[in-house]
Amino acid sequence: METKRTTIPAAEEILGGYFPVLDHGFVSLVDYMGSDEAVERAARVSYGAGTRKVSQTRGLIRYLRRHRHTTPSEMVEFKFHCAMPMFVARQWIRHRTASVNEVSARYSLMPLLFYTPEREQYALQSRSNNQGREGDAGDELYREAVERWERLRAEAGEAYGWMLEQDVAREIARIDLPVSMYTQWYWKIDLHNLLHFLSLRVDPRAQWEIQQFARVIAGMVQRVAPLSYEAWVDYDLESRPLTRAERTVLSRLLVADEGGLRARDGGVVDKEALAGAGLSGREMAELIDKLQAPERPDFDLDLESMQAAEVVEAKMYQAVPGSFE
Ligand SMILES: Cc1cc2nc3c(=O)[nH]c(=O)nc-3n(C[C@H](O)[C@H](O)[C@H](O)COP(=O)(O)OP(=O)(O)OC[C@H]3O[C@@H](n4cnc5c(N)ncnc54)[C@H](O)[C@@H]3O)c2cc1C
């Protein structure tokens, strides 16, 4: 049967396909409702009749995003199937504006799949960011960590399988499974809140592991709603708000009038002047960072990595404790 619903060829191409993330995780776009056109229709409260030029839709979407007129983008919905380590799920679930259905370890047998960071992700504690990592931890430390992870996980998995064999309730048998273990959920969210999630989670300050999921999801948004995606990159992701003090010091460097922008002759704002304008040391570093020319991010999906649902399902099934297959 032919549908009257909006379908987007670039989104249809990946719909129901599974994109691997980390060693055993994935993201799949299960369904979507609407696209850029739905944002425009909602903003205009239109009857949907007639066609508007792409340039008009683009102009409106960019205007809406620039001016924080966000409700029209709540009209577009995305539904994903995702598998991620439990510690990633704990960060992800903090985004309260989504609907979630997580696999129940009280009901289901959990696949014994655990996340092992790649060698290059095994780093030391960052000195500048208490929530971050920096500096190579070295081969020796990594080798020993992998050995220890494997020992712990083998023991936790064995205890889990043994309890299941003894017919202990699944809700009890699972209590010592580690947070490196993979869980899964269906996750439904509207475009506005999804873009907020992505702004926070593709950011380099988010944990690297959740960034990998967010990057794949950003690639999916780019396919479903390309104009909204573009406006998000330009006005949110790569945009930086200026504080009052920052505007004051910049006005000492730049003349802005109807003729455009031009540099003030001899205008210099050194660290002393920045401090005089009220910027703390951290704010100075942030201002310098804000004024670096941004690069356009690349969230293009790797279509060659896309797997069929049956392949992913079989892998999960095979990892369930053996005696219960
Ligand atoms: C890099 C990073 C580090 C973090 N570190 C920590 C940490 O150390 N500890 C910790 O506990 N959390 C931490 N978080 C989680 C963070 O504080 C947020 O809980 C999370 O990012 C979700 O953001 P949100 O509330 O804006 O999103 P959502 O829950 O999706 O909400 C979206 C928006 O809806 C509105 N909203 C939703 N619910 C309410 C409400 N009840 N009342 C008012 N407005 C609401 C707000 O405007 C909110 O921004 C961290 C997040 C990041 C990105």
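Which residues in H2 meet which residues in H3? Asp-36, Glu-37, Val-39, Glu-40 and Ala-43 in H2 meet Thr-57, Leu-60, Ile-61 and Leu-64 in H3, where being in contact requires that the C-beta atoms of two residues, placed from the backbone, lie within 7 Å. The residues of this contact of H2 with H3 divide into five nonpolar, one polar and three charged; here Ala, Val, Leu, Ile, Met, Phe, Trp, Tyr, Cys and Pro count as nonpolar, Asp, Glu, Lys and Arg as charged, and the others, Gly among them, as polar.

Before I go on, please keep in mind that this is a predicted model, in which local features need pLDDT of at least 70 and side-chain atom pairs count only at pLDDT 80 or more, while totals for chains, interfaces and linings use all residues. Residues are numbered from 1 along each chain as its sequence is written. Helices are DSSP runs of H or I with at least four residues, numbered from the N terminus.

Let me turn to the geometry. Two packed helices are described by the angle between their axes and the distance between the axes. Axes are lines fitted to C-alpha atoms, for helices over the stretch in contact, and the angles run from 0 to 180 degrees between N-to-C directions. Angles under 35 degrees count as roughly parallel, over 145 as roughly antiparallel, 65 to 115 as roughly perpendicular and the rest as oblique.

The axes of H2 (residues 36–44) and H3 (residues 54–66) come within 10 Å and cross at roughly 70°, which makes H2 roughly perpendicular to H3.

Next comes helix H7. The axes of H7 (residues 191–201) and H8 (residues 208–224) come within 9 Å, crossing at roughly 140°, and H7 and H8 are therefore oblique to each other. On the H7 side, Leu-194, Leu-198 and Arg-201 take part, and they meet residues in H8 including Ile-210, Ala-214 and Val-221. By class, this contact of H7 with H8 has seven nonpolar, one polar and one charged residues.

With H9 (residues 226–237), the axis of H7 comes within 11 Å and the crossing is at roughly 45°, so H7 is oblique to H9 as well. Here Leu-191, Leu-195 and Ser-199 in H7 meet Ser-228, Trp-232, Asp-236 and Leu-237 in H9.

Finally, the ligand has around it Arg-94, His-95, Arg-96, Thr-97, Gln-131, Asn-193, His-196, Leu-200, Arg-205 and Ala-206, a residue being near if its C-beta atom, placed from the backbone, lies within 6 Å. This shell divides into two nonpolar, five polar and three charged residues.

Notes
Helix = DSSP H or I, 4+ residues; strand = E, 2+ residues; numbered from the N terminus.
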